[in-house]
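User: Please go through the spaces and contacts of this structure with me. I am new to it.

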Amino acid sequence: MIDVRALAESEFRASQDLFRRALLRKPANDEDWARVRGCLEVGRVLGAFDGGELVGTARATSNELAVPGGRVAAGAVTGVGVRADRTRRGVLRELMRVQFDDVRQRGEPVAMLHASEATIYERFGYGVASRHRKVELERARVAFRDDAPRGGQVRVLDRKAADPLLPEIYRRCAVDRAGWIGRDEPWWSGFWQYLGEDVLVAVHTGEDGVDDGFAVYGPNHGERGTALDVHDLKGADATAVAQLWRFLLGVDLVDRVVGHVRPLDEPLEWWVTDRRQCRVTEVEDDLWVRLVDVLAALRARTYGAAEPVVVEVRDAFLPDNEGGYRIGPDGVERSADEPQLRLDVSALAALYLGDQLASTLVAAGRIEVRDPAAVAAADRLFATLETPWCGTGF
Ligand SMILES: CC(C)(COP(=O)(O)OP(=O)(O)OC[C@H]1O[C@@H](n2cnc3c(N)ncnc32)[C@H](O)[C@@H]1OP(=O)(O)O)[C@@H](O)C(=O)NCCC(=O)NCCS
């Protein structure tokens, strides 16, 4: 019998150690622990007990998620681990159940996470809502085209000088893009501690004198020469982003520049003279989203111009979400009408931020079509102009 409850603060460190062991890492040293402790919210760190022994944990923090046309309160789930001698006995299942109840009680229509493995969370109703890519550029072979955006100034700061500036610049960057999430003060201190001393920050200032972009990067000396790893790069507009890339590709003694966790629609290959030198070496799932309260989550976003569509949602894990929803440009209602499309709540997550078209999920066998005319309408309703991107680990 597994018993799940919110942990007392005195139990937090044991749960963190359990989580790290589950990820095959050593228990946290005091410095790491101090960093993690700052991110924990009392009441949101769950422990699963078997016979009084802590055997699993999962936690969440209160955040928000940008969705097309708006924002929604979201529980950011992390720190999920089950002791290796107790896996595959339903411990995670119980943790998820209690966590979703808690997320709902807090009025958060969605939960979100980054997954260690792609096979874990779909059964609980999560789906991939955004993706990111990794890009590598050989510095000697890359030149910017004359028509790439240009303007403003880039200055280099060390970590300490950049620390107070970045939260404000981050808020200026792409806050309306679906997939964006908040970064609070504990997030930033955790980020700096995680990256260590060997990073630098480039800040872009626009023509109007306002700081509107930054890149956090550091050298990586390996067998293939010296790379600059770009850990984070955000800009309020294309000029800021292009100018930061131009700067990074101009740093001396560097062979390659590697951009991690970049948006799929970043126009890097359009900015350089030889697009093949912008090599995409990975495309991976970014943010997994769970519509915990389907009606409230669907109502939090706007929809494109199209005829409304009645969609039947299946949700085996949270069955009170099951049923029909009429989704249209004027809003979303529960509906008892004959459904035109049927899908699982995890597939709905793939439509939610505009990452996938309904027609792609039809082809994938993830949407059942009752009325073929509804497919094109659903494409237009859910599609977004910008590709969703989170780009913030937690
Ligand atoms: C992932 C993890 C938390 C799962 O915990 P668990 O208690 O074994 O999960 P449960 O027993 O509740 O599993 C529920 C279902 O998910 C399946 N499942 C769980 N983990 C899985 C995995 N890694 N791959 C595939 N299926 C998995 C189980 O087989 C079970 O399936 P069923 O419902 O058909 O029986 C645990 O294996 C773990 O701690 N892994 C290492 C740390 C980690 O990856 N954490 C996640 C960080 S995002």
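User: Which residues lie nearest the centre of the second largest pocket?

Analyst: This is a predicted model, in which local features need pLDDT of at least 70 and side-chain atom pairs pLDDT 80 or more, while totals for chains, interfaces and linings use all residues. Residues are numbered from 1 along each chain as its sequence is written, and side-chain values use heavy atoms, without hydrogens and water. On a 1 Å grid over the protein atoms alone, a pocket is an open set of points with protein on both sides within 12 Å along at least five of seven lines, a cavity is a set where a 1.4 Å probe fits but cannot get out, and lining residues have an atom within 4 Å of a point. The second largest pocket is lined by 20 residues, and nearest its centre lie R177, G235, V241, P263 and E386.

User: Which element gives the most to the lining of the second largest pocket?

Analyst: Helices (H or I, at least four residues) and strands (E, at least two) are DSSP runs, numbered from the N terminus. Two or more lining residues come from each of β11 (225–235), α7 (238–248) and β12 (256–263). With three residues, the element that gives the most is β11.

User: How is the lining of the largest cavity divided by class?

Analyst: The largest cavity has a volume of about 70 Å³, where a volume is the space filled by probe spheres set on grid points joined across faces, edges and corners. Its lining includes V309, I327, L341 and F382. Ala, Val, Leu, Ile, Met, Phe, Trp, Tyr, Cys and Pro count as nonpolar, Asp, Glu, Lys and Arg as charged, and the others, Gly among them, as polar. The lining of the largest cavity has no polar residues, no charged residues and 12 nonpolar ones.

User: Which polar side-chain atom lies 2.7 Å from an oxygen atom of the ligand?

Analyst: A polar contact is a pair of N or O atoms within 3.5 Å; within protein, one must be able to donate a hydrogen and the other to accept it, and residues adjacent in sequence count only if both atoms are side-chain atoms. A backbone N or O atom of R88 lies 2.6 Å from a ligand oxygen. The polar side-chain atom at 2.7 Å from a ligand oxygen belongs to S116.

User: How many residues apart in sequence are the parts tied together by F100 and F317?

Analyst: Rings of Phe, Tyr and Trp (its six-membered ring) pair if their centres lie within 6.5 Å, with planes under 30 degrees apart stacked, over 60 edge-to-face and the rest tilted. F100 and F317 are edge-to-face, at 5.9 Å centre to centre and 80° between the planes. F100 lies in helix α3 and F317 in the loop between β15 (309–314) and β16 (323–328), so the parts tied together are apart in sequence by 217 residues.
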